[in-house]
Structures are given as structure tokens and as C-alpha cells.
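The sequence and structure come first.

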There are 2 protein chains.
Amino acid sequence: MDDQRVGRDVGVDLAAVARLLADGTRAAFCLALLDGRAWTAGELARYAGVTQSTATSHLNLLVGGGLLADERHGRHRYLRIADRRVFELIEGLAELAPRQPVRPRSLTVATRQQALLDARLCYDHLAGAVALEIKDAMVERGLLVWDTGQPAAAALTDRGAAWLADVGIVLPASRRPPVRACLDWTERRTHLAGAVGGALCGHALAAGWVTRVGTTRALRVTPLGRQALHDHLGLPIVSSATRGR
Amino acid sequence: MDDQRVGRDVGVDLAAVARLLADGTRAAFCLALLDGRAWTAGELARYAGVTQSTATSHLNLLVGGGLLADERHGRHRYLRIADRRVFELIEGLAELAPRQPVRPRSLTVATRQQALLDARLCYDHLAGAVALEIKDAMVERGLLVWDTGQPAAAALTDRGAAWLADVGIVLPASRRPPVRACLDWTERRTHLAGAVGGALCGHALAAGWVTRVGTTRALRVTPLGRQALHDHLGLPIVSSATRGR
DNA sequence: GGGATGCTTTGACGGCGGTCGAAGCGACAT
DNA sequence: ATGTCGCTTCGACCGCCGTCAAAGCATCCC
């Protein structure tokens, strides 16, 4: 009688994996980690808006389930996506996932979400369509080399260093890699991260090129910023990201 | 304050899709449907060992979420995987899923599961390792052409038709496609389905080549069957599926 | 040493969701 | 017309799991 439940005994526990991603908090963790970097447990907790204790239990599940790998350094716990297969799984889910979940009831919310796609913070650097335009322009002008092979190799050229100085961006002394490729799930492409990405973003905020929208990660490029990006990188005054809307 | 939960507002609701597959019953449905056929709601309910009412609610969720597509014919409701992307998603999950969940506590259960991998029924035809051996042998002998392209094209050759008659297998008159490729998630390869697959399986059961194990889908290949497969297809008497166990 | 800081453990609370049985409804067969 | 079959709806029950606060532990800094 019970034997009729053959569907349960087939030896592949799909639901176990799916359950790991079936929670909003854990999904947020994974989306954040899609940038390929290793985040600390605390960063993830703040990002998802939960307490550290909650984050800990989720992270234990994800690591235990083989979706994430962790590494302890001193009092920090660094998390990253365990595997290329996990990467692809998450992207496959994202492909089928409803966009703009149920939220955009109000126009203001919809606008804010659109802003998120155009320009936003990704940890300490710029992401979204604008970030891609910046990176592409820098590559085109010989400021950056950008080889997205396996593994991705990216670096600042001498000309790029001169450009930074010209713009007035100073790199803080640190052991941090100057240039990193950061994967962007909204655009499915990589943008500029690392020390240069962080410094560039810091400058953009300080100089009023971009301003934060409320307290979210969304950014708005100011007219001043448009002009600056035009002057320094040759970007069009009307960005392709906002063109036609 | 609440706005700090930026991780939730990114506009891609991963968890919603994952939640659909995070239930054992729904996962069983999807695994069953991986064979590419359309099952009725009742078949799926029996397969997973739940009542019809339970199945209905699950199926509504899966269809609503876009993972399954349904089609009504008379009093039947036929379900199938909605999309190639869904196929790939499920396979990606299966790749990461733990095998042999927690169940194999008793030796008899473990043995039964192994039998399920070696030979079993997939609706009306043979699946498992033995089914693959049969298909491969038929291709090698020129009885079958098997092009697993997109879409997969498979057909019986004239020599194949003669072989069927020689063995004593008659195809019932029907509009059913004679040869179909059926995807097998345990082996990650396709085996022989369609009218020929069904007739072959029927003959194998009737002639005592295989017998059912209890009331499950699992099959055991009898010594008589081994001999017959050797005579008709040149398969080794000791199958590669059981060799070394 | 003392005091931050980052993470983990524990315990308690609350809600969501999976389950079934029973009743209802439509399609099909005789 | 009557019965059967396949599916759906409804209502009720129950267990699981995500959440937090508080306390604890380890590490790092001064």
C-alpha cells in the first residue's frame, strides 16, 4: 500500500535542494553572492535585513547543502558560491522567476525598481547599466584591459592610472586587488569592481555625480554626473540606459 | 529602517520558483514528468502517493508558477513540463541533489532501490540501465536510428521492423508514434519509448524476460530474459548493469 | 588587561503551508 | 436516467521552519 508511493523513493531528493533556495533570505544571500565575491556573514545579514543569528542558521543550511562554501579568517566567516553548477542553477531559477515580484503597486515603487536597474551600489562600487557603460568606455579608451576568460583577467593600464589621477581619484593604499570583474545578474555581464571600482564610486558620490535614492542601493545619475561622464569618458549626455523612456 | 532590507527588493523573486520545487510531492511530479510525456492528474497523484485533492492544489501551484502546462481533455487533465528551461532547471537541481536520500535503512529497501536503477517501468516501456543496453544494441545492429539532436529524431529501420517480427512482437495499430526518445534522469540518457518501446516491454513481460518486483515499478531481468537478450541482441549474459555486484 | 567586534547557540514564538476527508461538479458509459 | 469516474472546492488539523532577543564564545585592538 505504502509501496505505491514510488515517486518518493527514486533516490534523488530534488526538494531538498530546492528548499534551500525557497526562502527569501537565503535567496537574497545567493543573489548577493552571484557577484562572485566572498561576503562575510555580517554583510549578508545586513544586506538581507535579518539578525546575525538568523543569518547564521541560514548559512549553515546553505553550506551544509553544498550550495555555499565558507572559509574562516580570524573572527570573520567568508561565504561564497560553492560551485559553477550552483551558479548556473541560480541563474536558471532567476530566468524563470517573476520579475518585479508583486510589489509594483505604486508608481513610485516601480520607478525605484527601474532606478535599481539603471544604477545602483554593488557593495562599494557601481553596478547596473551605467556601470557597464563606464567599463566599456574605459576599455575602449585603453584605460582598462578586460579579458573575461576563465578566470577573468582585468587590469588597469598605465594610461588608466594617469586617467584616474587626472580625474582626481586616489587609490587608498591597501592589499586589495585594484581591478576585479563583478558579475551583474540584471545585465548578465561583468562590471568594474575592486579598489578602482570602489574609489571611482566613492568619487562619484563625493563629487555629486550620483546620489542615493532614499536609503536603498539605488542611485540616480545627476546632470552634473552625466556631464562629467561625457567629459571624462565620452559617454553620451543622454545615457542609453534612460534613452527612450 | 525597513528599507535597509535591500536584498529583498531586487526585483527577482528567486524564492518563489524554488518554493514550487521545495515540496516532496511537487518534486515527485516534476521528476515523473521529466520523461516528456503528459500525465493525468490522477496518475501523478497515485505516483506520488497523495490524494487527488492534494494533487490538485499542487498542480495548480505548478501551473500557476509556469513550471507545468496543462490541457483539458474531457474529464482528464493532462500535465506536462512547460518549457525547455524548466527541464534544464530540474536537471540542474537533480545534479546537486543528494542521492539515496535518507531512506536506505534496511538492506531490502536498498536492494529494491538498486533494482529500480537497473530496470524499471517508465509508464509502459522499459527504463533503467537495461533499457539503455537494449537501445544501444538496437542502434548498433542497425535496427534503430537514434539522432539525439534538437529535436531528437529516432525511427525504426526496415531491418528493425523485420527484427520485431522475427522476435514475435506485433505493433498494435494506433496513431501513436512508433519510436520516441524518453529521457531517463537516473542515467541522464534517453531510452526507447513510443509504440515500439511499449510493445517490446509488453512482450518482455509476457514472455517472462522480466518480472515485476512486488507492486512497484521495479523489474528484475530473469535468466530467460538474459538469454533472450543475448540471442536477439547480442547482449552479454551478465549485464553490465549487474556486473561486479 | 579590558573592551570592541563578529559570529554562534539557545529558547520561545508565530505563521505559513501541506495534508486529508467529504461534498460537489462535470464528463462519460450503459 | 442512473452510475461511475476524474477532478475540484472547502474546511479543519498539525507540524515545520523562519524569526528574534539574549547570552555566550572567539578574535582582534589598544
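The model is predicted, with local features needing pLDDT of at least 70 and side-chain atom pairs counting only at pLDDT 80 or more, while totals for chains, interfaces and linings use all residues. Residues are numbered from 1 along each chain as its sequence is written, chains are lettered from A and ligands numbered from 1 in the order in which they are written, and side-chain values use heavy atoms, leaving out hydrogens and water.

**DNA strand D**

- DNA strand D is surrounded by 22 residues, the closest being His58(A), Gly42(B), Ser53(B), Thr56(B) and Arg77(B); a residue counts as near if one of its heavy atoms lies within 4 Å of the strand.
- Sugar or phosphate accounts for 74% of the atoms of DNA strand D within 4 Å of the protein, and bases for the rest.
- Phosphate oxygens of DNA strand D are reached by the side chain of Thr25(A), through an N or O atom at 3.0 Å, and by a backbone N or O atom of Ala41(B) at 3.3 Å.
- Elements that each supply at least two residues of this surface include α2 (24–33) of chain A and β3 (76–81) of chain B; helices (H or I, at least four residues) and strands (E, at least two) are DSSP runs numbered from the N terminus.
- α4(B) gives the largest share of the surface near DNA strand D, four residues.
- The surface near DNA strand D has two nonpolar, 13 polar and seven charged residues, where Ala, Val, Leu, Ile, Met, Phe, Trp, Tyr, Cys and Pro count as nonpolar, Asp, Glu, Lys and Arg as charged, and the others, Gly among them, as polar.

**DNA strand C**

- Of the 21 residues around DNA strand C, the nearest are Ser53(A), Thr56(A), Arg75(A), Thr54(B) and His58(B).
- Sugar or phosphate makes up 67% of the atoms of DNA strand C within 4 Å of the protein.
- Polar side-chain atoms lie close to phosphate oxygens of DNA strand C at Thr54(B), 2.7 Å away, and at Thr25(B), 3.0 Å away.
- A polar backbone atom of Gly42(A) is 2.8 Å from a phosphate oxygen of DNA strand C.
- The largest share of the surface near DNA strand C, four residues, comes from α4(A).

**Helix α4(B)**

- Buried residues of α4(B) are Ala55(B), His58(B), Leu59(B) and Leu62(B); buried means under 20% relative accessible area, exposed over 50%, and partly exposed in between (1.4 Å probe, protein chains only).
- These residues cover an arc of only 100° around the axis, so they sit on the same side of α4(B); the arc is that of the directions from the helix axis to the C-beta atoms.
- Exposed Ser53(B) and Gly64(B) are on the face of α4(B) turned away from its buried side.
- Just after α4(B), Gly66(B) has a positive phi of about 85°.

**Thr222(A)**

- Thr222(A) is placed in the loop between β11 (219–221) and α10 (223–233) of chain A.
- Thr222(A) has a relative accessible area of 13%, so it is buried.
- A polar atom of the Thr222(A) side chain lies 2.9 Å from the backbone nitrogen of Gly225(A).

Notes:
A polar contact is a pair of N or O atoms within 3.5 Å; within protein, one must be able to donate a hydrogen and the other to accept it, and residues adjacent in sequence count only if both atoms are side-chain atoms.
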